[in-house]
Amino acid sequence: MFCTKCGNVVPENASFCPICGASLKSTNQPAPQQAPAPTYTPAPAPARESNTMAILGLVFAFIVPVLGLIFSIIGLGKAKELQGEGHGLALAGLIVSIVELVIAVIAVIVIMVTVPSIMSHIPSYY
Ligand SMILES: [Zn+2]
């Protein structure tokens, strides 16, 4: 083998180069084990964020169906980000909002149809 420092031929199992005195053992030894990769401490599981939009959606569905509809749609989108958190709530809010809107529309139509006919009948009583 050859000395890594001076390049002279040295005995095979020599610890030091007889010519320059360089340590051969250290260069011959396998590279020291790589420092163990930093163990990634798993980020603390985030406290499951509640889907506020879904909750608002369901609440508003009963009060202001249009807002309930909007919040529920946002809540549905949020639920995807939150691994399904609040998906059921958002869906319920969406359904309630739609049902209420449909009822409201029907009610408006019924009123628009019936009120004029009632009004037109009132004078006939006099
Ligand atoms: Zn040497």
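At what angle do the axes of helix 2 and helix 3 cross, and within what distance do they come? I am working from a predicted model. I find a crossing at roughly 160 degrees, with the axes of helix 2 and helix 3 coming within 7 Å. Angles over 145 degrees count as roughly antiparallel, so helix 2 is roughly antiparallel to helix 3. I noted the hand too: helix 2 passes helix 3 in a left-handed crossing.

**Entry: the contact between the two helices.** I listed the residues that meet. From helix 2 I have M53, A54, L56, G57, F60 and A61. Their partners in helix 3 are P65, L67, G68, F71, S72, I74, G75, K78 and A79.

**Entry: helix 3.** I checked its length. Helix 3 has 17 residues, and at 1.5 Å a residue it should span 24 Å. Its end C-alpha atoms are 24 Å apart, so the two values agree. Next I looked for burial. In helix 3, I find P65, G68, L69, F71, S72, G75, L76, K78 and A79 buried. I recalled that an α-helix has 3.6 residues a turn, so residues three or four places apart point the same way. What do the buried residues of helix 3 pack against? They pack against helix 2 and helix 4. After helix 3 I came to Q83, whose phi is positive, near 55 degrees.

**Entry: the core.** Which residues touch the most other members of the largest nonpolar core? I noted A54, L58 and A90, out of 14 residues in that core. Helix 2 (52–63), helix 3 (65–81) and helix 4 (87–121) are the elements that give two or more residues to this core. Helix 2 provides the largest share, six residues.

Not counting residues up to four places away in sequence, A54 touches S72, G75, K78 and A79 among others. The list for A54 also includes G86, L89, A90 and G93.

**Entry: C20.** I moved to the segment before helix 1 (25–28), where C20 lies. Is C20 buried, exposed or partly exposed? I count it as partly exposed, because C20 has 13 C-beta neighbours inside 10 Å. Leaving aside neighbours within four places in sequence, C20 is in contact with C3, K5 and C6. I took one distance here. The C-alpha atoms of C20 and K5 are separated by 7.7 Å, and the two residues are 15 residues apart along the chain.

Terms used
Residues numbered from 1 in each chain as written. Predicted model: local features only at pLDDT ≥ 70, side-chain atom pairs only at ≥ 80, totals over all residues. Core = buried A, V, L, I, M, F, W, Y, C linked by C-beta atoms within 7 Å. Buried ≥ 20, exposed ≤ 12 C-beta atoms within 10 Å, placed from the backbone. Helix = DSSP H or I, 4+ residues; strand = E, 2+ residues; numbered from the N terminus. Contact = placed C-beta atoms within 7 Å. Expected span 1.5 Å × (residues − 1). Axes fitted to C-alpha atoms, helices over the stretch in contact; angles between N-to-C directions. Parallel < 35°, antiparallel > 145°, perpendicular 65-115°, else oblique. Left-handed = near helix turned anticlockwise from the far one by under 90°.
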